[in-house]
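Reader: I have a structure here that I would like to go through piece by piece. Can you take my questions in turn?

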Amino acid sequence: MSPIDFVLLGASVFAALYWLGALMCVNLFGRRRPTPPRSSPPVSVLKPLRGDDGHLHENLRSFCEQDYPRFEVVFGVHSLDDPAVAVVERLIRGFPHLELRLVVAERVIGTNRKASTLANLVRQAKHDTFILADADMRVDPAYIRAVVAPLEERTVGLVTCLYYGGARRGAASRLNAMFINEWFLPAALVGARIERLRHAFGATIACRRDTLDAIGGFEAVADHLADDYMLGWLASRRGLRVALAPYLVENVVAERDLRSLFFHELRWARTLRTVRPVSYFCSLFTYGIPVSLLWAGVGTAGHIALLAVGMHVGLRCLGRAMLYRSLGRRVPWSETWLVPVRDTASFVLGLLSFLGHTVRWHDEAFRVRRDGRLEHLVRSGINNHPRHPARCPPIPSKSEDSA
């Protein structure tokens, strides 16, 4: 065999071992159970909103149906013209006994509009324990109890949750949900086993007001693409722990089409590449199917490479069934044929993420600077608002990033 054969053989073996290790991590996570909190501090749930994908009402409703003694839900938009306003008004009418409020604020503090909305919501929040969650997340009534319990330890600065994808329509949604469930979720659990968790996930971030104030508030991440990552990193820089709650949030996936999926996942890939360049590059070698296909195409050991392709296809199909069962989810057997397509697409997107610095977010074009901050490529009204200076230190350099 040639040197390239040995390199790709090693990459193929690494991918198989990684997948087996990832399945073990998922199995261990699936056995964890939330610990009931000893106390029940009043909670402000902050929900930044923009638009309505047709599932917003049911997503937000799940945050109103909580088995928790005292909480408020504060919804935020930038304009009364936002379609989300009608959804929130319907919820307020449907839950008159709850503290539900809509905040409409045009104040913009940076290029990340979600961070601006959250900064506006914090000003209106009544309580000192916050839970932040993206608009496309759906939860069950035990959610708040599971999330606030780790905050009882004063060494914990932030609590975060992983999430699984629930596809609602079309091939694009199914492909996106497969990426979340079969790559992102296992990779996050492997990372949490290898090193201390120093970042958070947008599915859920819980913290105390004093912690948020100590790290500079949302003003500190107002220009960053990976605002959730940076909130966790800033908290860990102050010696506080980022705790992973044993709770899975459902990410309701409703991608419009394959084009929107491409730009969504390219933004995701370039986000990961920006905040963790070394480990993200290494993660490309965890895709055993495209790696072995590459080996079959450029190597000289054709028969061995084709056997590797078959082995990885079988391992992935069997492994994904084990993964879903470990998480207590139905195994989507009808999507099995998409496994090679999904893995190859992820591999190609990973390579493309290193070939540029532009992303699209809510149909706006941005350039991602090397320190993770966003710049508008096309001037729009957002840049005409007064902005507060970001007070966030730069993203960790490669020397600080472990694979």
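Predicted model: local features only at pLDDT ≥ 70, side-chain atom pairs only at ≥ 80, totals over all residues.

Reader: Which residue of strand 10 stands opposite threonine 358?

Author: Strand 9 and strand 10 (residues 364–368) run antiparallel. They are joined by 4 bridges. Opposite threonine 358 stands arginine 367.

Reader: How many of the 12 residues of strand 6 are buried?

Author: Strand 6 spans residues 156–167. The strand is mostly covered. The buried count is 11 of 12.

Reader: Which residue is the bridge partner of tyrosine 163 in strand 8?

Author: Strand 6 pairs with strand 8 (residues 241–253) in the parallel sense. The pairing runs over 10 bridges. For tyrosine 163, the partner in strand 8 is valine 249.

Reader: And which residue of strand 7 is the bridge partner of valine 159?

Author: Here the strands run antiparallel: 3 bridges join strand 6 to strand 7 (residues 205–208). The partner of valine 159 in strand 7 is alanine 206.

Reader: How far from cysteine 161 is the nearest cysteine sulfur?

Author: A disulfide needs two cysteine sulfur atoms within 2.5 Å. The count of disulfides is 0. Cysteine 161 is in none, and its nearest cysteine sulfur belongs to cysteine 207. The distance is 13 Å.

Reader: Is cysteine 317 buried or exposed?

Author: Buried means under 20% relative accessible area. Cysteine 317 has a relative accessible area of 19%. So cysteine 317 counts as buried.

Reader: Why do the buried residues of helix 3 line one face?

Author: In helix 3 (residues 84–94), the buried residues are Ala84, Val85, Val87, Val88 and Leu91. Seen down the helix axis, they line one face because they fall within an arc of 160 degrees.

Reader: Which residues are exposed on the other side of helix 3?

Author: The buried residues of helix 3 pack against helix 2 (56–64), strand 2 (71–77) and strand 3 (99–104). The other side of the helix has exposed residues. They are Arg93 and Gly94.

Reader: What residues does serine 116 contact, leaving aside neighbours within four places in sequence?

Author: Serine 116 lies in helix 4 (residues 113–124). Its relative accessible area is 0%, so serine 116 is buried. Its contacts are His78, Arg107, Val108, Ile109 and Gly110.

Reader: Which residues does proline 290 touch, not counting those up to four places away in sequence?

Author: Proline 290 has its place in helix 11 (residues 288–298). Its relative accessible area is 6%, so proline 290 is buried. It touches Asp343, Thr344 and Phe347.

Reader: How far apart in space are proline 290 and tryptophan 361?

Author: In sequence, proline 290 and tryptophan 361 are 71 residues apart. In space, the separation is taken C-alpha to C-alpha. It is 28 Å.

Terms used. Residues numbered from 1 in each chain as written. Heavy atoms only, no water. Buried < 20%, exposed > 50% of the residue type's maximum accessible area, 1.4 Å probe, protein only. Helix = DSSP H or I, 4+ residues; strand = E, 2+ residues; numbered from the N terminus. Arc of directions from axis to C-beta. Contact = heavy atoms within 4.5 Å. Pairing = 2+ DSSP bridges.
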